[in-house]
Structures are given as C-alpha cells and as structure tokens.
Amino acid sequence: MSQVVRLRSVVALLGRFPALAGLDLDVDAGEIVLVTGPNGAGKTTLLRLLAGLVPPYSGEASVRGYDLVTDRRRARVGTALVGHETYCYDDLTAEENIRFFARASGRDDAAAVRAVLGRVALDGAAGVPHRGLSAGQRRRLALAVALVREPELLLLDEPHAGLDATGREVVAEAVAAAPGEGRTVVMVSHELEVARPMATREVRVDGGRVVPSTVAPTDEPPVTPPAAPLATDAPQAVTP
Amino acid sequence: MIWREAALVAGKDLRIEARARVALGQILPFGLIVILLFAFALDPDRGLLARVAPGLFWVAVLLANLLATGRAFAIETHHGARDGLRLAGLDGGAIFLGKAGAIAAQLLGLELVLGTGVVVLYGVEVHGALVVVLTAVAATVGMAATGTLYGVLAAGLRLRETLLPLLLLPVLAPVMLGATRAFEDGLEGAPGDAWPWVAMLALFAALYTAIGVLAFGALWEEAA
C-alpha cells in the first residue's frame, strides 16, 4: 500500500497564527478520508497545505513522495483541490475553463473535457460564461476542473455546501468512483450525515492537530468498496 | 514546454480581454484621449505638435501600459484564479512570458491606432519606417516585461493600484527616453542616429525578460 500523504509535526502559519500546530497525518492510496472539526481548527489550511498552496513552516510534509517545500511543483501536478473558490475565470465559458486547466496540466483532450462536463451535469451549460452560472453550477464546474486533471489526490473542502440534489449526486459519484480510478480523497465537511457514509476513515482536527474523535464513528459502510482495505475508524494517533 | 505553457496563458489572457473588452473599451479610448488632449492644448502651434509627437506618443503608451498591467493581474484576483494557476503546476517563467506576451500584443495594437492618430492629428511624416517599427517592438517588449515583473510584485498588496505606477514609472524612464529619441530620429529622417537607442531598448527588453523568466515564479508564490 503506497502512502500518498505523509505529515510529521507540521506547523503551517496563516500570517503569524499557527493554523496547523504540529499535525501528523498519513493517508494511503485509495483511502477516502473525512476530516472533521470545529471552525478554525485548521481543516482548510490542511487541504491548502496538501495542495501546495500553503508551505509548511516546520515539520516534514510530502505528497505522493514529493516534499512540499523542495518539490512543491511536482507535488501539485498530481493533486487537485476543490475549495471555497472555483479558481475559474468569469469571462471564460464552463468548457473553456475546463479546457484551459486540462491543457495547463498537459491533457489536451477534447473528448475528456466533454466527458467531464457530462459527469458533473454541466453539458447543458458548457457555453455559459462562469459569471452566468449559478452558485451550485460553479461548484460543479470547480469539481470538473479538478477531475479533468485526473489527480491522484483529490482534496474536497466542503464539497456539499450550496449544492442541490443533482450536485450532491455528482459529488457522491465522484467520491465513490475515486478508489477505482486510482484516486485518493481527503475531504473536509461539516455535513457529516452526507459525508460519513462516503468515507473509509474519519480524522478529527482541532487546534491545528489531529485529536481523538469525540463523535461515535459511523457503522455505515462506504458507498463503494475502496481499492484499499478499510482503515480503522479510530482517528489518527494524537501528536505527542 | 515553457513556450507551450506561455502560449496557453497568453491565449487565455487575450481571450478574456476580447470578451471583457477592457482594452478596446477603456485602454484604447484612454490613449486616444491623451493624444487628442495634447492636440487641443497645442493646436495653435502645429510645428510644436510635430516636434513633441514622439514623446506624447510614448507617454500615452506608458500610461496605457499601466492600465494593461493592472488589468492582467486583476483577472487573477477573482474566484482565486491565481491559486488555480498555481494548482495547475504551470512554470512561473511560462506564466511570466504568457502574461507579458498578452500585454505586449495589446500594446502593439494600441500603438498602431495611436500612431495613426499621431500622423493624422499632428501632421507627422514617417521617414524611417524600419526604425519606427523596431523601436516600437523593442520598447513594447521592454514595457510589457517590466510591467509584468512589477505587476506581480504589487499584486499581493492592498494598495497595488497606486503602488504599481510608483514602482514602474521610474524603471521605465530609460525606455521612454530611448523610444522617444529613436522615434524622433526615425520621423525626422535621420534613422541612422536611432540605432544606438534601438539597441539600448533591445538590451533593456532582453534583460527584463530574462529577469522575469527567472524571478517571476518565486514572486508569484509570494504574492499569493
């Protein structure tokens, strides 16, 4: 089982504030990890660190074997983040945005762009500029931009926020299919009733560290059998 | 690889500008207004207008460059687009070349229109077309490269709109000087005297392009 994420005593700063304060985390290939915790716990910073957008201040951090300090660009290439922003351009259409980011990742494949538009149920809005899309459509477009890059590590920050039933189905399908597509998922969500059934493991973050979960782990099975054996429902070891 | 990525970024920026029509609807009219205002102000002395035409032309282009540079980085501030470019793993040098290339393309289009306006309004005659064209290309590349480099320096700052001109205008003084002198020689029928200025402009452009390719990636990361 190859390790996709390896964090050891990682400290990350937001300004002068340590958003991550000695965080340890291991994620194996094919896992679907749900990260929970209160507001301000450091969950979004954790995802941005894994995406290579926030550098670690200290500690060891690597994604897919690439160090997030010395080899950040290569770490980014196989990682996609669906965050609070769409990372898209208002004056480009949905299809143009997807095509641009596909090409930027070295994937100039028109069929793949059309396929991912269908996958996120945006084929009817392919020619609509980003500024003309609804909030839910924009969230789906952000997911499409992430998926078209065929990342090995998919990071989802509150993927269900603001989505209607169609959008939630799209997210559920993308997460469920991830292990079969050789993809690992780390997902932050407050909508536990929706997110927990998708996850193979739950990790609770508070105060910038992984802490023992105070919430009883779900007995529900994941949506699809993951490629990797199910990890324990217990949280990661607490940082000493 | 770097050229493919640069072309991708330039194509994206130009497509966005074509849609938003900021260059066409704001920057071009701004340049024309500057030229027109000087024409009105100095109208009684048409001879003076012809003499100062090179300087006025490049002042208009320089101010338009400030607008185009600000716009090139403004489009990256909405919806976290700058993070999107970083996540895509694009080479910093490629982003620099793409953005500078898009700005240069817009400025060259603007110069074509402004140049026509100067010839018509100011009664200027062009004697050394080759010198004028090479001067325009070298000066434009220098302005675009410098603007892109300083644009990213100011991009992460709250006061970027006012800071960019303060940073950029002094650095571009040699370009203003060289381009104006070369244009004067090219327009007045002494193109042979212009070549040292053209060489200086080309050197300036090459220097700032090289610095940009090497430094932009780190500045882009810091600006985010």
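Which residues in H2(B) are buried? They are B:Val22, B:Ala23, B:Ile27, B:Gly31, B:Val34, B:Ile35 and B:Phe38. Please keep in mind as you look around that this is a predicted model.

**How confident is the model?**
- Chain A has a mean pLDDT of 87, and 88% of its residues reach 70 or more.
- Take care with residues 215–240 of chain A, where pLDDT stays under 50. The model has 56 contacts beyond four places in sequence for this stretch.

**Chain A as a whole**
- Chain A contains 7 helices and 10 strands.
- Of its 240 residues, 51% count as buried.
- Among the contacts in chain A with a separation of 6 or more, 72% are between residues 24 or more positions apart.

**A four-stranded sheet in chain A**
- An open sheet is formed by 4 strands of chain A, in the order E2-E1-E4-E5, with antiparallel pairing.
- At its edges are strand E2 (17–28) and strand E5 (66–67) of chain A, each of which pairs on one side only.
- Inside this order, strand E1 (residues 3–14) and strand E4 (residues 58–63) of chain A run antiparallel and are joined by 5 bridges.
- To find one such pair of residues, look for A:Leu7, whose bridge partner in E4(A) is A:Ala61.
- As a reminder, strands of a sheet pair through backbone hydrogen bonds, either parallel or antiparallel.

**Helix H2 of chain B**
- Helix H2 of chain B covers residues 22–41, which makes 20 residues. At 1.5 Å a residue the helix should span 28 Å, and its end C-alpha atoms are 27 Å apart, so the two values agree.

**Where chain A meets chain B**
- The contact involves 21 residues of chain A and 18 residues of chain B.
- On the side of chain A that touches chain B, the elements giving two or more residues are helix H2 (72–77), strand E6 (79–82) and helix H3 (94–104) of chain A.
- H3(A) supplies the largest share of that side, with 4 residues.
- By residue type, the side of chain A that touches chain B divides into 12 nonpolar, 3 polar and 6 charged residues.

**The largest nonpolar core**
- This core has 149 residues, and A:Ala144, A:Leu155 and A:Met187 touch the most other members.
- Helix H6 (residues 129–155) of chain B gives the most to the core, with 15 residues.
- Leaving aside neighbours within four places in sequence, A:Leu155 is in contact with A:Leu47, A:Leu50, A:Ala51, A:Thr79, A:Ala80, A:Leu81, A:Val82 and A:Val186.
- In soluble globular proteins, nonpolar side chains tend to be buried together.

**Two residues in one loop: buried or exposed?**
- A:Glu158 is found in the loop between strand E7 (153–157) and helix H6 (165–177) of chain A, and A:Gly162 also has its place in the loop between E7 and H6.
- A:Glu158 is buried, because 20 other C-beta atoms lie within 10 Å.
- A:Gly162 is exposed, because 12 other C-beta atoms lie within 10 Å.
- Beyond four places in sequence, A:Glu158 is in contact with A:Val188, A:Ser189 and A:His190. A:Ser189 is 31 residues from A:Glu158 in sequence, yet their C-alpha atoms are 4.6 Å apart.
- Not counting residues up to four places away, A:Gly162 touches A:Ala135, A:Gly136 and A:Arg139.

Notes: Residues are numbered from 1 along each chain as its sequence is written. Chains are lettered from A and ligands numbered from 1 in the order in which they are written. This is a predicted model: local features need pLDDT of at least 70, side-chain atom pairs count only at pLDDT 80 or more; totals for chains, interfaces and linings use all residues. The expected span of a helix is 1.5 Å times one less than its number of residues. Two residues are in contact if their C-beta atoms, placed from the backbone, lie within 7 Å. Ala, Val, Leu, Ile, Met, Phe, Trp, Tyr, Cys and Pro count as nonpolar, Asp, Glu, Lys and Arg as charged, and the others, Gly among them, as polar. Two strands pair if DSSP finds at least two bridges between them. pLDDT is the predictor's confidence in each residue, from 0 to 100. A nonpolar core is a set of buried Ala, Val, Leu, Ile, Met, Phe, Trp, Tyr and Cys residues joined through C-beta atoms within 7 Å.
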